[in-house]
Amino acid sequence: MSHEQISKLLARWLRHRPDAIQLTLDKNGWANIDELLLKAAGSDIPITKEELMVAVVNNDKQRFSLSPDGLRIRAAQGHSVDVDLKLPIRNPPPVLYHGTVLKFITSIKKQGLLPGTRRDVHLSANKETAELVGARRGAAVVLIIETFPLLRDRFQFRCAENGVWLIPSVPPQYLRFPDN
Ligand code: HQG
């Protein structure tokens, strides 16, 4: 299996479907690595510890975090399962970006950014990353979020271990669209 295939499986199990291999995540999203490998093997998906470690360390977006003792793993962000990563509240840079596509803009103008199936809206500190995120779905549209008005109005930002900024939602009045 390639790193990418292993990463896709880990993302599925650790963000969305731990039940697919009867894996237990604790309330902070951590899974025991030995248990994960055992359950994967039990579901006919044999992965060695070395393959898992190499896939995690080489992951292009550092999607997974290891516990300091190296025994546990979790997804850094992107969960749809109910976990609390216990990330500290952080002060964001003055501007953050969100990459999306044109077909969502009418709805975003009305409702603001909503997390959909995930637990948070994902924002990035650089425009290029937001362009790539949007481009997964078509021609990217990048929204600009000036963070000061949100901080002033008591919105809280968190930053995942891989640098993705997280916020539960962003109402439309805080969003700057490309045409205005
Ligand atoms: C859009 C990937 C209509 C939102 C990426 C997005 C990222 C609305 C989509 C990470 C809306 C949700 C997350 C509203 C938001 N009406 N559409 N009110 N509010 N949307 O995948 O940010 O490779 O859940 O613009 O790189 O695209 O998986 O979020 O287009 O970091 O590690 O609804 O996923 O990382 O889509 O991507 P997603 P996202 P990974």
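This is a predicted model: local features need pLDDT of at least 70, side-chain atom pairs count only at pLDDT 80 or more; totals for chains, interfaces and linings use all residues.
Most residues other than glycine have a negative phi. Two residues here go the other way. You'll find Asp44 in the loop between helix H2 (33–42) and helix H3 (49–57). With a relative accessibility of 69%, Asp44 counts as exposed, because the cut-off for that label is over 50%.

Gln62 is the other case, with a positive phi of about 50 degrees in a residue that is again not a glycine. Gln62 sits in the loop between H3 and strand E2 (64–66). Its relative accessible area is 38%, so Gln62 is labelled partly exposed.

## Rings: a pair and a lysine

How many aromatic pairs does the model contain? The count is one. Phe155 and Tyr174 make up that pair, with 5.3 Å from centre to centre and 65 degrees between the planes. The arrangement is edge-to-face, because the angle between the planes is over 60 degrees. The two partners are 19 residues apart, and the pair links distant parts of the chain. Phe155 belongs to the loop between helix H6 (147–152) and strand E7 (158–159), while Tyr174 belongs to the loop between strand E8 (165–167) and strand E9 (175–176).

## Two asparagines in loops

Asn28 is placed in the loop between helix H1 (3–16) and strand E1 (31–32). A polar atom of the Asn28 side chain lies 3.0 Å from the backbone oxygen of Asp84. Setting aside residues up to four places away in sequence, Asn28 touches Arg74, Val83, Asp84, Leu85 and Lys86.

Asn162 is in the loop between E7 and E8. What does the side chain of Asn162 join in a polar contact of 2.8 Å? The partner is the side chain of Gln77. Asn162 also brings us back to Gln62: the backbone oxygen of Gln62 is 3.5 Å from a polar atom of the Asn162 side chain. Beyond its neighbours within four places in sequence, Asn162 is in contact with Lys61, Gln62, Arg63, Ala76 and Gln77.

How values were computed:
Residues are numbered from 1 along each chain as its sequence is written. Side-chain values use heavy atoms; hydrogens and water are left out. Helices (H or I, at least four residues) and strands (E, at least two) are DSSP runs, numbered from the N terminus. Buried means under 20% relative accessible area, exposed over 50%, partly exposed in between (1.4 Å probe, protein chains only). Rings of Phe, Tyr and Trp (its six-membered ring) pair if their centres lie within 6.5 Å; planes under 30 degrees apart count as stacked, over 60 as edge-to-face and the rest as tilted. A polar contact is a pair of N or O atoms within 3.5 Å; within protein, one must be able to donate a hydrogen and the other to accept it, and residues adjacent in sequence count only if both atoms are side-chain atoms. Contact means heavy atoms within 4.5 Å.
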